Amino acid sequence: MSKVLGRTLGLKSSQVRSLERLLHRKVDAQRAVTHELARELARLSSDAGRCVGIVVDRRGRILDVSLGDAHGVPFPTRRLARTTAPGRLCGLRFVRTALSTGGIGHDELAVLSRHRLDALVRVEVGRDGSLGSLRTATLLPPGSAEPYDLSPPFAATAIRADFLESIEALEEEFARTAPGARAAVDRDRAILVTVSGERGDLAQESLEELRELARSAGIEVAEARLQRRERVDPATVMGRGFLEEVTRRAASLGAGLLIVDEELTPRQAKNLELAAGLEVMDRTMLILEIFGRRAGTRDGKIRVELARLQYMLPHLIGRGIEMSRLGGLGGGAKGAVRGLGEQKLELDRRVLRRRIDHLKDEIDKIGRRRGEMRRHRMAAGVPQVSIVGYANAGKSTLFNALTAENVRAEDLLFATLETTARRCRLPHGTEVVFLDTVGFIRDLPEGLRDAFRATLEEIDGSDLIVHLVDASNPACPRQLAAVEGTLAELHLDAIPRITVFNKRDRLADPGLLAPLVDKSAGMLLCALDPADIRGLASRVERSLAEQVAERLATPPVDRDGEE
Ligand SMILES: Nc1nc2c(ncn2[C@@H]2O[C@H](COP(=O)(O)OP(=O)(O)OP(=O)(O)O)[C@@H](O)[C@H]2O)c(=O)[nH]1
Ligand SMILES: [Mg+2]
């Protein structure tokens, strides 16, 4: 088999051998490319009618030879990708031929920055196979006006002999300008993009939520951008020009991750990854990433695994998305599909489906166990009050305040992944069980909803729901509506409900919220204020007492529903 990457079909065996002979050859590393090597590459490329690329290390060894088509040749990413020490380049340069004239392309520059290559060298080939002019591109340290240093075209006779020194000087510059030696391209540093045709604040709110999600996943946001366009681009979601700009910004800000506020098809993810040269994530992957980080208990882990596998299943088609962030499958599907053809793909899908079925069984068991606990509580005659609300509304804080508990409350989305129940007494002595629940979020994909349904089902059978809303969030009205929609979907909207607007202390003018509070007969409070907590506890107690009184006043209904 040929050691040359790419399809060698259609080449004469002598041509393939000539290409193979390049491998492991040693050249003068002090030159970006030697005159002789450039000439040879031009000749080989012209003979084959296709572009040729080689990867050379700092000792001058040719580590890889790949063959492209008439228009280009991709950098052999998978085989050579390696982690780079912070502030350093990867020690490899990519030299490629081009059968037409022109500058170094934007996708190639993306490869340069993504892999932190020492340099990219473009060798032009004339129609007759002669060596044309050369161009180089190198990275520039963060904070430079431009992310890349692009040379003008120059002749092979002008190739300089100080390549290694200039690369070392560049690395020193990187180390100097990046104190703390942060890697100039960082997988945990992201550019966020929302593409939306919505008018008004909706798109901005969505972008802000994406920012919060990223933060909750431990990802640093380098920049968040909004593109307003009526329809998403079917190939790349955002428009070409916008994508180019985002790619440039990512390079100059040292971001290695692009997060798109949109559910990406495998094809879109792949297109974006190739065009931007960045790792790509969508909103669902981001939520999965948070869930993965948070899940502490066995139950939580099972739910997260199910959600993750259900998300992966359709994405296996064509392996559009790199699954590294989604974690492996214990030697199963991860990375196994690439290059092994359809058969393997089918097998992986079967393995996945079996695992999904197994996890669903487990979740049913959890549901039954929790259902039993719930029935016990109900049999004991203790009323149940569920605290529900949008992610980060302050549910756990309120729960802790009401029950003197110490459940994890943090300024993160999905700090809570499990329901917690606590029994306590209200001011006039009524015993209740309070339930702290998982936060809601809009547009949760089906797979994730399945995984968390069991958690939310625990709300069923509650005597009262306290719907907590973060009044300080500009998206508060929409979050309120999203939660109400989900409650209705889960048939929980018949349960009596108190709407509570939280974080009053953060409002510049609480009066502005009055119409919304009045409309839902709600109350405005601060979960950190003990007097407010007492007020809410009394209201809960009153509401439960009213229910008891109502039940006593209503004649019992017989089985057929007739009085
Ligand atoms: N200023 C202020 N902050 C609050 C208030 N209530 C909660 N917080 C803060 O809001 C953040 C989120 O609180 P949590 O109680 O974790 O919210 P949650 O609804 O349980 O969040 P998830 O479990 O992630 O859905 C924390 O940093 C709290 O300290 C409040 O009344 N005022
Ligand atoms: Mg919580």
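Predicted model: local features only at pLDDT ≥ 70, side-chain atom pairs only at ≥ 80, totals over all residues.

Me: Which helix gives the most to the shell around ligand 1?
Reply: The shell has 23 residues, and K395, T397, F414, A415 and D505 are the closest. One helix, spanning residues 395–403, contributes three residues, the most to this shell. That helix is α12.

Me: What percentage of the accessible area of ligand 1 does the protein cover?
Reply: Oxygen atoms of ligand 1 lie 2.7 Å from a side-chain N or O atom of K395 and 3.0 Å from one of K503. A polar backbone atom of A527 is 2.9 Å from an oxygen atom of the ligand. On its own, ligand 1 has 650 Å² of accessible area, and the protein covers 91%.

Me: Why is the pair formed by F75 and F94 edge-to-face?
Reply: The structure holds one aromatic pair. The ring centres of F75 and F94 are 5.1 Å apart. Planes over 60 degrees apart count as edge-to-face, and here the angle is 85 degrees.

Me: How many residues apart in sequence are the parts that this pair ties together?
Reply: Both F75 and F94 are buried. F75 belongs to the loop between β2 and α3, whereas F94 belongs to strand β3, so the pair joins parts whose separation in sequence is 19 residues.

Conventions: Residues numbered from 1 in each chain as written. Chains lettered and ligands numbered in written order. Heavy atoms only, no water. Near = heavy atom within 4 Å. Polar contact = N/O pair within 3.5 Å; in protein donor to acceptor, adjacent residues only side chain to side chain. Areas by Shrake-Rupley, 256 points an atom, 1.4 Å probe, with all protein chains shown as cover. Helix = DSSP H or I, 4+ residues; strand = E, 2+ residues; numbered from the N terminus. Phe/Tyr/Trp six-rings, centres within 6.5 Å; stacked < 30°, edge-to-face > 60°. Buried < 20%, exposed > 50% of the residue type's maximum accessible area, 1.4 Å probe, protein only.
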